[in-house]
Amino acid sequence: MATAFGSLAIVRAGRLARLDAHGQPAFETLAAAAARLNAGGGTGGGMRIRRVSTAGQPSADVHGHDDGTMGDAAGPEPLNLTWADVVLLEVQLQNAAAVPVLFSPGQLRLKLGSSAVTVTPQDSDRNPGPIAPHTSEHLLISYLAPRESPELELEYSDEQQDRTFRLALPSLATNEVRS
């Protein structure tokens, strides 16, 4: 997508289970999550790691959060009733301008389908700050997401144009993991 300073592109996208079968964090760092994404292989998109259940999945409340039902076949849910998956994106920013441009990962929000719900980043490997002139940067950014999300989009708030742009996420391949 074109921006006021250059361009923004989604290089890779994937969905990962937030917890392992024992209820522990599935990965310690953003880099470890990206390594798991790399291990998924496949063409295009990324991978989706999800626990499979023969029982029904927890239902979602009006805000899209799990209702807290913790069927062991569905795998552990976070005890604080937050969303159970992590959407991980690798984004490329290119500053084609002759001057530095300020950028913050918080300018990128995950939009959940046609609803008005957007999600702020959970983590990023880049701090807010300038992007040097005529350079390109890659950043990893993660968001918590409900297990069953409608089509996802990335919203970019372009402060220079005082506008919000949407970019569809590539298809997320499924790689199911039994707990």
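Mentor: Two strands pair if DSSP finds at least two bridges between them. Helices (H or I, at least four residues) and strands (E, at least two) are DSSP runs, numbered from the N terminus. This is a predicted model, in which local features need pLDDT of at least 70 and side-chain atom pairs count only at pLDDT 80 or more, while totals for chains, interfaces and linings use all residues. Residues are numbered from 1 along each chain as its sequence is written, and side-chain values use heavy atoms, with hydrogens and water left out.

Trainee: What is the strand order in the open sheet of four strands?

Mentor: The order is β1-β3-β9-β7, and the pairing is antiparallel.

Trainee: Which strands stand at the edges?

Mentor: Those are β1 and β7 (123–124). Each has a single partner strand, so one side of each lacks a neighbour in the sheet.

Trainee: How many bridges join β3 and β9?

Mentor: Eleven bridges, in the antiparallel sense. Within this pairing, N95 is opposite T135 of β9.

Trainee: Is H134 buried or exposed?

Mentor: H134 counts as exposed because its relative accessibility is 58%. Buried means under 20% relative accessible area, exposed over 50%, and partly exposed in between (1.4 Å probe, protein chains only).

Trainee: And A17, buried or exposed?

Mentor: A17, in strand β1, counts as buried because its relative accessibility is 4%. A17 and V87 are 70 residues apart in sequence, with 8.9 Å between their C-alpha atoms.

Trainee: Turning to the largest nonpolar core, which residues touch the most other members?

Mentor: They are L89, V91, L108, L110 and L154, in a core of 37 residues. Elements that each supply at least two of its residues include α1 (30–39), β5 (108–112) and β10 (152–158). A nonpolar core is a set of buried Ala, Val, Leu, Ile, Met, Phe, Trp, Tyr and Cys residues joined through side-chain atoms within 4.5 Å.

Trainee: What is L108 in contact with?

Mentor: Leaving aside neighbours within four places in sequence, the contacts of L108 include V91, L154 and E155. Contact means heavy atoms within 4.5 Å.

Trainee: Where does E155 stand?

Mentor: E155 is opposite R166 in β11. Strands β10 and β11 run antiparallel and are joined by six bridges. Their hairpin has four residues between the strands, and D162 takes a positive phi near 50° there.
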